[in-house]
Amino acid sequence: MSVLFEKTAIKDMELKNRLVRSATHEAMADDRGFPTDHLFKFYDRLANGGVGLIITGNTYVSRDGRSKAMLGIDTDEHIPNYRKLVNNVHQNGAKIAMQINHCGRQTTKDMTGTQPMAPTAVFDKSLFVMPREMTEADIERTVDAFAQSARRVRESGFDAVQLHGAHGYLISQFLCPHTNRRKDRWGGALENRMRFVTEIYKRTRKNVGDDYPIFIKISAYDHIKNGLKPEEGVVMASKMAHLGFDGIEVSCGIGEDGGSTLRGEIPFDVILDEWDMYKEKGFIFRFIMTKFGKKLLKPIPFTQGYNRETAKIIRKKVNVPIFAVGGMVAPTFMEETIHSGAADYISLSRAFIADPKFPNKIKEGSRELSRCIHCNLCFFYLSTRSVRCYQGKRMKSNQS
Ligand SMILES: Cc1cc2nc3c(=O)[nH]c(=O)nc-3n(C[C@H](O)[C@H](O)[C@H](O)COP(=O)(O)O)c2cc1C
Ligand code: SF4
């Protein structure tokens, strides 16, 4: 039997295999952040495809941290719907965790109804957003929103909760020196930059109890000049394990660093046609971006398992399960990742968008690569359409 199909447990959560659907924003929520019927069906297909653990798309803890068609868990009214979703997934043989998030500066005023906030007022070059600096009261309110949301996650029946500490969203904005330039106790040395996530962890633990798995997804490094360096990312992960997190998913990147989280193609034509903030720009801007976009944003080429080495270094230093995510495409490579001690779990996002049945196929003996060709259209079309696989094919404007 493939090592990928060994049974494991994290606290009381028993998993039938080591394959995890990494959090993937589906853009299948209504305006109140409630899951649509479309999302229920999407999760049925995922669970039926044989995955061990599904981590939901990022879900907002308060409305000032939401993005387009994002799930929400900011009020108790959400609980009954999520109970149904969890039951469906359990009936289809998988476990499910919810990823909770606040977008911070990586969203727009159109989405939040108010100026986006961040640890420091640093302009976001990918979304053209200038956030306001968070006050002590904002920090206190947001820490509480995370902890209350985690309580709702447990009350909804999810098997675990995951904090989104990666990819340049609010927790990651506190951790990254480029986005956190505060001079008070929330900024500066790593210990101070970690204070926000530490407070969230402590209050979340109080709300969900010692027996409940709390995971975190981190960007262990990014490609910003004054960003987070891998050496510091490793120290940060060790401190998180020490704090009590029950699992760490090792990712990388922030929104404006050339798409390092995803790697592969950056479809500039789609961004210019679909993203509101780009659509509004004049002819000269569009001309420059079409001609020189690749030089200005410097897309990072796709390579298989691009976070595996970092995951391995972290795993050697901590005694909690490590989830490796990023460019896992070949079943043999995934098996090697487990055998070599680089990770305990293999997290996949695009492979599941391209084919939810990927785990069942591997279980039946297939050694074929994931169908995903890293065109990244599933991601860049999210501003106007719910998630699906395009396999490199562009949509006509306004076609959904
Ligand atoms: C369409 C799309 C939506 C995503 N949404 C999220 C999200 O909500 N939360 C998150 O942590 N990562 C999100 N990601 C990043 C993935 O979870 C994953 O870290 C990244 O795609 C690399 O893994 P892969 O090579 O298996 O796709 C998203 C990726 C894609 C393609
Ligand atoms: S659209 Fe399909 S092929 Fe392209 S990156 Fe997304 S999942 Fe992969």
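Mentor: Take strand E12, residues 247–251. E12 is mostly covered, with five of its five residues buried. Bear in mind that this is a predicted model.

Look at the side chains by direction. Gly247, Glu249 and Ser251 point one way from E12. Ile248 and Val250 point the other way. Both sets are buried.

Now the neighbours. Strand E11, residues 214–219, runs parallel to E12, and five bridges join the two. Within that pairing, Lys217 stands opposite Glu249 of E12. How does the chain get from E11 to E12? The path goes through helix H8, residues 230–243, and this β-α-β crossover is right-handed.

E12 has another partner. Strand E13, residues 322–325, pairs with E12 over three bridges, again in the parallel sense.

For a helix, turn to H2, residues 79–91. Its 13 residues should span 18 Å at 1.5 Å a residue, and the end C-alpha atoms are 18 Å apart, so expectation and model agree. Which residues of H2 are buried? They are Tyr82, Leu85, Val86 and Val89. Viewed down the axis of H2, the buried residues fall within an arc of 95°, so they line one face of the helix. The general rule is that an α-helix has 3.6 residues a turn, so residues three or four places apart point the same way.

What covers those buried residues of H2? The cover includes helix H1 (37–48), strand E4 (53–55) and strand E7 (95–101). The face of H2 turned away from the buried side carries Pro80 and Gln91, which are exposed. Just after H2, Gly93 takes a positive phi of about 90°.

Last, the whole protein. It holds 16 helices and 14 strands. Of its 400 residues, 51% count as buried. The C-alpha trace spans about 55 × 45 × 40 Å along the principal axes. A compact globule with 400 residues would have a radius of gyration near 21 Å; the protein has 20 Å, which agrees. Among contacts with a separation of 6 or more, 72% come from residues 24 or more positions apart.

Definitions and conventions. Residues numbered from 1 in each chain as written. Chains lettered and ligands numbered in written order. Predicted model: local features only at pLDDT ≥ 70, side-chain atom pairs only at ≥ 80, totals over all residues. Helix = DSSP H or I, 4+ residues; strand = E, 2+ residues; numbered from the N terminus. Expected span 1.5 Å × (residues − 1). Buried ≥ 20, exposed ≤ 12 C-beta atoms within 10 Å, placed from the backbone. Arc of directions from axis to C-beta. Contact = placed C-beta atoms within 7 Å. Pairing = 2+ DSSP bridges. Right-handed = clockwise from strand over helix to strand, strands pointing away. Rg over C-alpha atoms; globule rule 2.2 N^0.38 Å.
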